[in-house]
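Please examine the sequence and the three-dimensional view below before reading on. The paragraphs that follow proceed from the whole chain to its parts.

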Amino acid sequence: MSATPAAAPPDAAPDAAPAAARRAARVRRALLSWYDANVRPLPWRRDRDPYRVWVAEVMLQQTRVEAVLPRFERFLRRFPDVAALARASEESVLAAWSGLGYYTRARSLHRAARALRARGVATFPRDPAIAARLPGVGRYTLGAVLSIAYDMPYTALDANVVRVLSRLARLPRPDARGAPHQGLAEALLDRARPGDWNQALMELGETVCLPRIPRCDACPIAGACEAHAHGVTHEYPPAKARRATQRVRLALALVHDDDGRLLLERGAFPYLPHLWLPPARLGDGVRPDGRSAGTFRHAILHRQLEVEVLVERVPAAVLERRAAAAADRADASGIERRVFSRAARARIGRSSLLTKALALAPLVPRGTRARRRR
Ligand code: SF4
């Protein structure tokens, strides 16, 4: 972990300060004034509680504010503090995370809460050496929580901030250590209000300095922006070489009984090993039994899945036997298989892969069908 507090900015004495430092001070003033006037009343900004800020920052990685808002409130009602999160089962944490994707973040958050409870620590620690050792706490999370919750002078570079800085100074793509953006972020950081400053940069990137068409006419720092001055905002940040899309065929088996109870497994599907999913076969593996209910497409990172859904209705006793037989075989592999009722499925972290499969082939209990026919 290389996160360190930002170095002192070189603008303490305006008269003697170099032009770059005076320009940095102007940018700070303009952006913070804009932020003060436009700050959105997001729930994690209310009291800057370190635990709430931490949860919000983990949720916001790869996910837009609008998608996070309802799930944040729901998660906090269920797990209002570190102790509640640490006590919870992983399954219930993943269930509360449903819809946010990137479930590794939820698992890391949960493990971090347990690590804190084991040390008797009640919230995200103020000590960066302790915080940086927690599962899932990388440079960004560390800087964001320490600056926002504790007003400590740390930078926090997310994709929005990288985009703003790239355009502001016409920077190349950041390297693995975040250079040259990290250096510019440290030079610009407002040491009197580091939390507000970081959030102002994030907010500008999220609402004004938009990825495709930035709203430069509404931008408080347009006068200092090099990409805007040269009319080349579309060239920054420079595009990265796209990873080739990998096309993958997948067969998902919805094996269920008359009551809509479904066989699910966890640990077998390599792209989503922590989620409960129907038994699956990748590529040209042996096709599961069942009638085909159709296909749908689903993307996981750079993989484009062509998913065929196969449905097999079996007696309840057969379903239980299959789960039990699979459980016997699974000891060595670590793969779990269980039968889930409709209500039990609602309580687990659910991949949109399963949601799409069930939308294509709803498991209508036999009795329900009979009633409809009458
Ligand atoms: S002037 Fe335009 S491109 Fe430059 S920071 Fe502002 S919104 Fe982004």
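Helices (H or I, at least four residues) and strands (E, at least two) are DSSP runs, numbered from the N terminus. The model discussed here is predicted: local features need pLDDT of at least 70, side-chain atom pairs count only at pLDDT 80 or more, and totals for chains, interfaces and linings use all residues. Residues are numbered from 1 along each chain as its sequence is written.

The protein contains 16 helices and 6 strands. Its C-alpha atoms fill a box of roughly 85 × 50 × 45 Å, taken along the principal axes. Of the 374 residues, 36% are buried, a residue being buried if 20 or more other C-beta atoms, placed from the backbone, lie within 10 Å of its own.

Where the domains meet, 7 residues of domain 1 are in contact with 6 residues of domain 2; two residues are in contact if their C-beta atoms, placed from the backbone, lie within 7 Å. On the domain 1 side, helix H5 (90-96) and helix H6 (103-118) each supply at least two residues, and H5 gives the most, with 3 residues.

Attention now turns to the ligand. Which residues come nearest to the ligand? Of the 15 residues around the ligand, they are Cys209, Cys216, Cys219, Cys225 and His228; a residue is near a molecule if its C-beta atom, placed from the backbone, lies within 6 Å of it. Helix H9 (159-169) and helix H12 (226-229) each supply at least two residues of this shell, with H9 giving the most, 3 residues. The shell divides into 11 nonpolar, 2 polar and 2 charged residues. Here Ala, Val, Leu, Ile, Met, Phe, Trp, Tyr, Cys and Pro count as nonpolar, Asp, Glu, Lys and Arg as charged, and the others, Gly among them, as polar.

Helix H9 also packs against another helix. Two packed helices are described by the angle between their axes and the distance between the axes. For H9 and helix H11 (residues 194-207), the angle is about 85° and the axes are 8 Å apart; axes are lines fitted to C-alpha atoms, for helices over the stretch in contact, and angles run from 0 to 180 degrees between N-to-C directions. H9 is therefore roughly perpendicular to H11, a term that covers angles of 65 to 115 degrees. The contact involves Asn160, Val161, Arg163 and Val164 of H9 together with Leu201, Met202, Leu204, Gly205 and Glu206 of H11.

Methods. Parallel < 35°, antiparallel > 145°, perpendicular 65-115°, else oblique. Buried ≥ 20, exposed ≤ 12 C-beta atoms within 10 Å, placed from the backbone.
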